[in-house]
Amino acid sequence: MSKNRVIIAENRLHRPDYFSGMQAAAKAELCPFDPGAEELTPQTILRLDDASGNWRVRVIPNLYNALSIEEPKSTERIGFFERQDGLGAHEVVIEHPEHEKRFGTFEHEDFLYYLKALHHRLEDLRKDTRLEYVQIFKNSGAKAGASMTHPHSQIIATPFIPRRLYDELVNQKAYHAEHGRGLLEDMLHEEMRLNERIIYENRSMVLLAPYASFFPFEVWVVPKIPVSSMLELSQAQQDDLAAAMRVLFSRMEGQLGDFPFNMAFYERPARCEHDPEKIMEGVESYFRFHIRVMPRIYQLAGFEVSTGVHINPVPPELAASRLKEA
Ligand SMILES: [Zn+2]
């Protein structure tokens with residue numbers, strides 16, 4: 001009864017974790033994401049090699065995809081209801097050749113390769129005029145919804161802008177119209193002034209535990225410079241982003257161990273066909289690219305699911321001070 005869409009994807013049923021979390025916990029005999037097992041995964045979309053010709057990052061289509069790039073873009077009404085064919089892209093980014101690697105043990109160079117791969121895929125997917133929004137995300141750990149233990153992220157590109165993001169953009173546009181500055185720009189400015197929830201900063205990136213965060217130990221990576229997409233980052237700024245991510249995950253592991261989390265990249269939409277609130281007008285100036293890392297150390301339960309209101313047992317000020325000291 002909201003304006004939210006749901007992706008109904010039956011082939012997701014067959015993905016490994018459907019048969020309980022046991023398989024996710026134990027390492028499969030042959031991991032399809034390991035070097036040497038490339039023939040087990042579908043064709044390679046992108047591969048970044050090191051100087052000796054070994055791959056550092058591989059991007060492949062998701063075998064248990066929620067959306068497919070071969071579908072036409074069409075919407076039909078079925079009486080009261082509306083349906084759209086499952087057009088979209090669903091890709092897996094194999095972040096590292098080593099099965100046991102984690103973001104918490106990544107080197108600076110590992111993050112650089114990772115970001116470079118995301119950059120390429122984002123650039124490519126944004127060109128497809130049927131697609132409106134690209135979501136890069138990561139599930140790490142069974143409690144965060146991961147079905148494979150090998151370090152990986154996913155990219156889903158949709159032919160519509162997800163409702164919650166559209167609504168957020170409506171709010172941000174209205175804020176910009178009223179104040180002449182972006183919401184995240186002002187929030188960052190205020191956080192830097194108060195300096196209660198800032199964890200780390202370098203030339204162009206800041207790590208902060210956001211005010212009234214939804215999740216315990218939630219951390220955002222926010223650029224100091226006005227960029228609405230990671231595609232606008234210079235080489236030096238990508239380097240700063242890699243450095244910030246390394247600090248973030250090594251300190252988080254210092255506090256929480258090998259913790260389950262979701263991570264999401266928030267990007268300016270590529271386009272928007274049905275745009276009653278005209279959110280695409282001036283989106284480059286009111287929206288700022290950022291990354292949210294959401295540890296899943298407590299399960300969401302009935303209250304959160306029924307109301308959308310989160311209960312967070314760790315104040316962000318405490319999280320920030322712990323991560324600053326770590
Ligand atoms: Zn593996």
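F217 sits in the loop between β9 and β10, where strands are DSSP E runs of at least two residues, numbered from the N terminus. This is a predicted model, so to speak on its own terms: local features need pLDDT of at least 70, side-chain atom pairs count only at pLDDT 80 or more, and totals for chains, interfaces and linings use all residues. Residue numbers start from 1 along each chain, as its sequence is written.

- Most residues other than glycine have a negative phi.
- F217 has a positive phi, near 65°, and is a residue other than glycine.
- F217 counts as buried because it has 23 C-beta neighbours inside 10 Å; the cut-offs are 20 or more other C-beta atoms within 10 Å for buried, 12 or fewer for exposed, and partly exposed in between, with C-beta atoms placed from the backbone.
- A212 is also placed in the loop between β9 (205-208) and β10 (219-223).
- Phi of A212 is positive too, near 50°, again in a residue other than glycine.

**Q135 in strand β6**

- Q135 belongs to strand β6, which covers residues 133-140.
- Q135 is partly exposed, because 15 other C-beta atoms lie within 10 Å.
- Leaving out residues up to four places away in sequence, Q135 touches I156 and A264; a contact here is a pair of C-beta atoms, placed from the backbone, within 7 Å.
- Between Q135 and I161 the C-alpha to C-alpha distance is 9.9 Å, with the two 26 residues apart in sequence.

Technical notes: Helices (H or I, at least four residues) and strands (E, at least two) are DSSP runs, numbered from the N terminus. Two residues are in contact if their C-beta atoms, placed from the backbone, lie within 7 Å.
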